[in-house]
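The sequence and the coordinates are shown first, and the description follows.

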Amino acid sequence: MNPELEDLASRYVLDQLDSRERADFEARLLGSPELLARVRELESAYARIIRGLPQQEPPPHLLARIEARLSEFHEEGAPAGSVARFTKWTFFARWGIAATIAVGVATLAIQNLRRDTRPVIVVVRMDPNQSTLAELHLGTRGADSDARFIQLASLAEKYWQNPDALPVSLPASKRMDRAYAVFDPESNQGFIGVQQLPTPKAGTRYYVWIVDTVTHRIRKAGIVPLDGGNGGLFSFSIAPVQGEKSGRLRFFVTAEDNAGGQSATPHGRVVLGGKEI
Amino acid sequence: MPVPDDNETAANEAFLLARIGTGDRDSFRELYGRYSGPLFSLAMRFVGDRGAAEELLQDVFVKIWRGAASYDSRKSRPFTWAVTITRRVCIDHLRKRRRQTSLESPFDETLALEGDGAGESVRSTAEAHEDSERLRGALAGFPAQQRIALELALFSALTHIEIAGRLNQPVGTIKSWIRRGLLDLHDTLSKTSP
């Protein structure tokens, strides 16, 4: 490897690059297994140095103080009357997903010995006019919430890469703005993939809503974090409602006026996922 | 202690970060259990004050919580990512403190006083910890100036250019010392790991 790249690699690991150098280096990193291997070596060295420092432990109460701060942020950031937590999903690198799936497959295999019921994943497809829902039966079910999350993430990523693989279709349309959701009713978690939303008008933001069609309760609402792009894959989870039997969920996206702060109920124009399911 | 950051560990921790990104507190607590010791030690190394290090560690884990969803495992391992957050939080703190007091950081003062004895604070408390012993041994093998350059790059707010100025060496030499030093440390620590 040439000395210039070696130099960049060590400065990258030590966080000594400016933002432009860093972005350029990351672009090269993603296309070069050799460079990635060198960075991993340097990261190992760096980690050993940090872990080799004289070990000092923080006081036991510190975690509680941190969690109290997290709760404050959570309450500040959530629309009134509902909980917002749509987080941008970052695709695992190949090594990462391979290792986590290896764990997942092992637990799934054990799970298969104990269960024979076929798990159901709800898949919803949305365009500006309508939603179409399907239930997807899987051969295996994740043993626990973590394994199900991996299952959902793999499925959501597969549909992101290849939307034609979605088990629900929509009538042909010239419009490119579409979205899909995969949701596991058992673990109450899922993913929403938003594709090709137009740039929001000034003063508006896109909100995604998940509403129970039986109780009409808003189960989840949040701002779609487009981050300058026009879509993305977002993960979410829904808190179960005790003593309430959930019906089907309706997913839709609206453009909400930003002037009045965060919206607790949908008032704006529906841009994805019309009224019909 | 087993090698802590191999691919399997990194994959597990990437998964924890993914869960934290969805608001999972249990995963956050697990990651805290894994990272709080080394990150607190790093903050202590930067600021040299337990109270300040506790405050900074809080900021670090709040940033981890808020940034977990944007973590990209293709670009760095989770531990490196968390160390970078810690480093930035500590450097911001040192720069603010420097602006407020016009004083050098304790680390810089130590260096200025010790000359070629950089790393003294590592050596003074290293006996209690096996990893620290190995690190101390590995660092002792470096020429004095290279050791200082490496420590400044790792545990101070100085850029490579500033380190070059401090040590009165060309920037290229400093970069080479740091790059070579990291790789040599990796090799030495790998050979001496149990």
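## Basis and overall make-up of chain A

Helices (H or I, at least four residues) and strands (E, at least two) are DSSP runs, numbered from the N terminus. Chain A has six helices and ten strands. The structure is a predicted model, in which local features need pLDDT of at least 70, side-chain atom pairs count only at pLDDT 80 or more, and totals for chains, interfaces and linings use all residues. Residues are numbered from 1 along each chain as its sequence is written, while chains are lettered from A and ligands numbered from 1 in the order in which they are written.

A residue is buried if 20 or more other C-beta atoms lie within 10 Å of its own, exposed if 12 or fewer, and partly exposed in between, with C-beta atoms placed from the backbone. Of the 277 residues in chain A, 38% are buried. Two residues are in contact if their C-beta atoms, placed from the backbone, lie within 7 Å. Among the contacts in chain A with a separation of 6 or more, 69% join residues 24 or more positions apart.

## The interface between chains A and B

Chain A brings 50 residues into contact with 62 residues of chain B. On the side of chain A that touches chain B, at least two residues each come from several elements, including helix 1 (3-13), helix 4 (62-77) and strand 8 (232-237) of chain A. Helix 3 of chain A supplies the largest share of that side, eleven residues.

For classes, Ala, Val, Leu, Ile, Met, Phe, Trp, Tyr, Cys and Pro count as nonpolar, Asp, Glu, Lys and Arg as charged, and the others, Gly among them, as polar. By this scheme, the side of chain A that touches chain B has 24 nonpolar, 13 polar and 13 charged residues.

## Helix packing in chain A

Helix 1 of chain A and helix 3 of chain A pack at an angle of about 45°, and their axes are 9 Å apart. Axes are lines fitted to C-alpha atoms, for helices over the stretch in contact, and angles run from 0 to 180 degrees between N-to-C directions.

The classes here are eight nonpolar, one polar and two charged residues.

A:Gln189 lies in strand 5 (residues 189-195) of chain A. A:Gln189 is buried, because 21 other C-beta atoms lie within 10 Å. Residues up to four places away in sequence aside, A:Gln189 touches residues including A:Phe149, A:Phe236 and B:Thr22. A:Gln189 and A:Ser235 are 46 residues apart in sequence and 7.6 Å apart in space, C-alpha to C-alpha.

## Nonpolar cores

A nonpolar core is a set of buried Ala, Val, Leu, Ile, Met, Phe, Trp, Tyr and Cys residues joined through C-beta atoms within 7 Å. The largest has 70 residues, of which A:Tyr46, B:Ala43 and B:Ala149 touch the most other members. Helix 2 of chain B gives the most to this core, with eleven residues. A second, separate core has 40 residues, among them A:Ala147 and A:Val224.
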